[in-house]
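Visitor: I have a model open here and would like to talk through some of its labels with you. Shall we start?

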Amino acid sequence: MLIGIDDTDSPQGMCTTYLGAVLARRLIRRGMRVCEARLIRLNPNVTYKTRGNAAIALRADGDCTTAFDIACHTVEELADFACENTNPGVVVVKDPPDPAIYWKAVRDFCEIDEAVEILDSAGAQYRGYKNSRGLIGATAAVASELSDATYEILTYRHPEQWGTLRDVNRESLFAAEEATFPHTWDTVDEENDLVVCVPHTPDPVLFGIRGESPAWVMMARSMVESENPGLEQIWVTNQGTDAHLIAGRAGVLREGLSYRVPGVVMDAPETGTGGHVSFTISDAGSCVRCMAYEPTKNFRQIVRALVPGDAVIACGSFKKGSINLEKVRVLSLARSAMSRPPLCTACNKRMTSDGTGKGHKCKKCGAHVKDPEVTEIPRTLKTRWYEVPPTARRHLAKPLCRGVSD
Ligand code: ATP
């Protein structure tokens with residue numbers, strides 16, 4: 001059977017993955033076999049989300065009704081019902097429903113009724129609390145298909161420590177990254193000298209290590225020195241797989257969906273207030289603005305090095321008329337040149353323009369030259385992919401160290 005849960009936490013605390021890890025142990029104590037724990041990230045642009053729009057599913061052997069009762073009791077005991085925006089959903093189903101609902105929830109927006117209809121036709125046992133919105137994520141989690149998958153080991157704090165400062169040794173995290181990258185990633189951000197894997201919110205997570213296999217995340221985890229965690233769970237997940245990205249074309253993008261969009265750079269990138277960098281790409285007569293926000297740090301230097309005529313593929317969510325860049329592929333580089341009035345060969349003085357289309361004139365000797373001096377500017381960019389640093393990476397975005405999707 002598959003047990004799906006979503007929407008149990010609030011900005012004040014709890015975490016659906018913690019609740020899932022507790023539930024897995026309760027099922028095991030009741031003699032059930034838990035074969036897999038899935039951490040499923042859904043559309044990152046859903047406004048109801050608390051943090052990273054996560055849902056969980058456990059694959060287990062045992063009696064469905066017993067599992068459903070234990071799951072509901074666990075949610076009733078641990079979910080943060082006091083928060084208006086916490087609307088838990090619990091689902092138990094013998095066979096996974098059609099994965100279409102999973103793909104829709106990762107890439108688009110779903111309605112509660114849609115999830116309920118799928119659950120009814122799958123013969124699922126389910127319970128939605130309050131407005132039942134959590135049934136969307138819970139249904140998507142049990143319907144998920146992981147054609148590509150990564151792993152994360154999450155360590156959780158003892159409940160009496162929740163809300164207090166986390167004690168995780170910074171140097172040990174950098175050492176773990178150094179020893180296991182590129183088989184693990186996003187533990188730290190070397191370039192920006194930042195720890196990435198320790199949250200700052202009051203939830204139960206102590207730290208999480210992401211990587212390509214259970215063995216690699218456990219190896220990195222074993223190097224981390226910290227306060228003693230109360231619980232640890234390895235999750236198989238769609239994180240780091242680009243599951244949210246779909247092929248898109250400028251002019252026909254929908255708000256809140258995430259795309260790979262081809263286009264040619266139209267204008268020189270501009271840095272606006274707050275350090276956000278923007279430029280426009282065009283494809284078949286339609287344009288779309290691309291944004292590299294300040295938190296993307298040095299990625300903005302890459303974006304600033306683009307010039308009109310460069311052909312790119314821009315990847316990211318389409319929000320308020322712009323693609324918020326997660327990564328960009330430079331397909332071809334345009335010639336970049338600077339032109340200015342030439343030097344007078346007789347006087348060695350810079351000439352001045354004689355008016356539009358009228359060439360250049362030496363103020364000293366009156367010599368006239370038609371063409372400007374053109375200097376080729378060497379391009380620093382290469383034709384390859386560039387990505388935001390780990391500190392700015394979205395959960396679903398596939399890091400380049402995992403390989404590139406062409
Ligand atoms: P955390 O990551 O800390 O577990 P969260 O960010 O996952 O928190 P939730 O509390 O789960 O946030 O809230 C997300 C809500 O949005 C859930 O009720 C979920 O069912 C719903 N939801 C998820 N994906 C979609 C979607 N594509 N369309 C509509 N609703 C969705």
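Visitor: What makes you say that the second largest pocket lies between domain 2 and domain 3?

Guide: Happy to explain, and please keep in mind that this is a predicted model. Domain 2 (150–237) and domain 3 (245–335 + 379–402) both give residues to the lining, so the second largest pocket lies between them. The volume of this pocket is about 370 Å³. It has 23 lining residues, and the closest to its centre are Glu 191, Glu 387, Val 388, Pro 389 and Pro 390. At least two lining residues come from each of β8 (188–189), α8 (299–304) and β24 (385–387).

Visitor: How many residues of that lining are nonpolar, polar and charged?

Guide: The lining of the second largest pocket has 12 nonpolar, three polar and eight charged residues.

Visitor: Why is the contact between Arg 393 and Glu 387 called a salt bridge?

Guide: The closest N and O atoms of Arg 393 and Glu 387 are 2.9 Å apart. The cut-off is 4 Å between a side-chain nitrogen of Lys or Arg and a carboxyl oxygen of Asp or Glu, so this pair counts.

Visitor: Are Arg 393 and Glu 387 buried or partly exposed?

Guide: Arg 393 has a relative accessible area of 16%, so with buried meaning under 20%, Arg 393 is buried. Glu 387 comes out at 26%, between the 20% and 50% limits, and therefore counts as partly exposed.

Visitor: How do you know that Glu 227 and Arg 157 tie together separate parts of the sequence?

Guide: Their closest N and O atoms are 2.8 Å apart, and the two form a salt bridge. Glu 227 lies in the loop between α7 (214–222) and β11 (231–237), while Arg 157 lies in the loop between β6 (150–156) and α6 (170–180), so the pair ties together parts that are 70 residues apart in sequence.

Visitor: What makes Glu 227 and Arg 157 buried?

Guide: The relative accessible area of Glu 227 is 9%, and that of Arg 157 is 2%. Buried means under 20%, so both residues qualify.

Visitor: Why does Arg 127 count as partly exposed?

Guide: Arg 127 has 35% relative accessibility, which falls between 20% and 50%, so the label is partly exposed. Glu 76, at 37%, is partly exposed as well. Arg 127 forms a salt bridge with Glu 76, with the closest N and O atoms 3.6 Å apart. Arg 127 is in strand β5 (residues 125–128) and Glu 76 in helix α2 (residues 64–78), so this pair links parts 51 residues apart in sequence.

Terms used:
Residues numbered from 1 in each chain as written. Predicted model: local features only at pLDDT ≥ 70, side-chain atom pairs only at ≥ 80, totals over all residues. Heavy atoms only, no water. Helix = DSSP H or I, 4+ residues; strand = E, 2+ residues; numbered from the N terminus. Buried < 20%, exposed > 50% of the residue type's maximum accessible area, 1.4 Å probe, protein only. 1 Å grid on protein atoms, 1.4 Å probe; cavity = no way out; pocket = protein on both sides within 12 Å on 5 of 7 lines; lining within 4 Å. Points joined across faces, edges and corners; volume = space filled by probe spheres on them. Nonpolar A, V, L, I, M, F, W, Y, C, P; charged D, E, K, R; others polar. Domains from an automatic or database assignment.
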